[in-house]
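Please examine the structure below before reading the dialogue.

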Amino acid sequence: MSHVAFAGRCFIEEIPRYKQVIEILCSNNILTSIELMLKETNNEVHRKYYKYDILISNTNKLIEVNGDKWHANPLIYKNTDIINIFGVDKKCEDIWIMDSNKRKCAESYGFTVLSVWESDLKYNLEKTIKEILNYAKILIDRLNRLALSQ
């Protein structure tokens, strides 16, 4: 059984903050895939999969676009705060643990993960664009230099 799957076209393409990050990457000639799924490696019983927002094509780099509410931005919320998500009350600390487990799962497959916060896209756009492009282009620049040297 494969541990990796692509979800294909999905609803995240319709959410402005995701669309914004994808447009930043595409306008800089950085190809992406949307919604990579990885199987949690230490959970054979429940067969849990984590869904990741953006994979930079031909790399091991993932980008998670975190909504401030859905992922309980620690600059806004305290660990004891309760957030209602889809009718379910969740403690912020539990949301952070879930996000940490998701990151660890990706890292267990050799991926690195950049988390981009909704509020950074709103209030620190230029800095956030630089961070995204620096993250995405490090490997791409190396590949380009290697191709030129051959």
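This is a predicted model: local features need pLDDT of at least 70, side-chain atom pairs count only at pLDDT 80 or more; totals for chains, interfaces and linings use all residues.

A: Residues are numbered from 1 along each chain as its sequence is written, and side-chain values use heavy atoms, with hydrogens and water left out.

Q: Is His-71 buried or exposed?

A: Buried means under 20% relative accessible area, exposed over 50%, and partly exposed in between, with a 1.4 Å probe and protein chains only. His-71 has a relative accessible area of 14% and is therefore buried.

Q: Which residues is His-71 in contact with, leaving aside its neighbours within four places in sequence?

A: Contact means heavy atoms within 4.5 Å. The contacts of His-71 beyond those neighbours are Asn-66, Ile-95, Trp-96, Asp-99 and Trp-117.

Q: How many aromatic pairs does a search of the whole structure find?

A: Rings of Phe, Tyr and Trp (its six-membered ring) pair if their centres lie within 6.5 Å; planes under 30 degrees apart count as stacked, over 60 as edge-to-face and the rest as tilted. The search finds one pair. Trp-70 and Phe-86 are stacked, with 5.2 Å centre to centre and 10° between the planes. Trp-70 is partly exposed at 33% relative accessibility, whereas Phe-86 is exposed at 76%.

Q: Where does the charged end of Lys-102 sit?

A: A charge sits over a ring if NZ of Lys or CZ of Arg is within 6 Å of the ring centre and within 35 degrees of the ring normal. The charged end of Lys-102 is over the ring of Tyr-52, 5.2 Å from its centre. Lys-61 lies over the face of Tyr-135, 4.4 Å from the ring centre.
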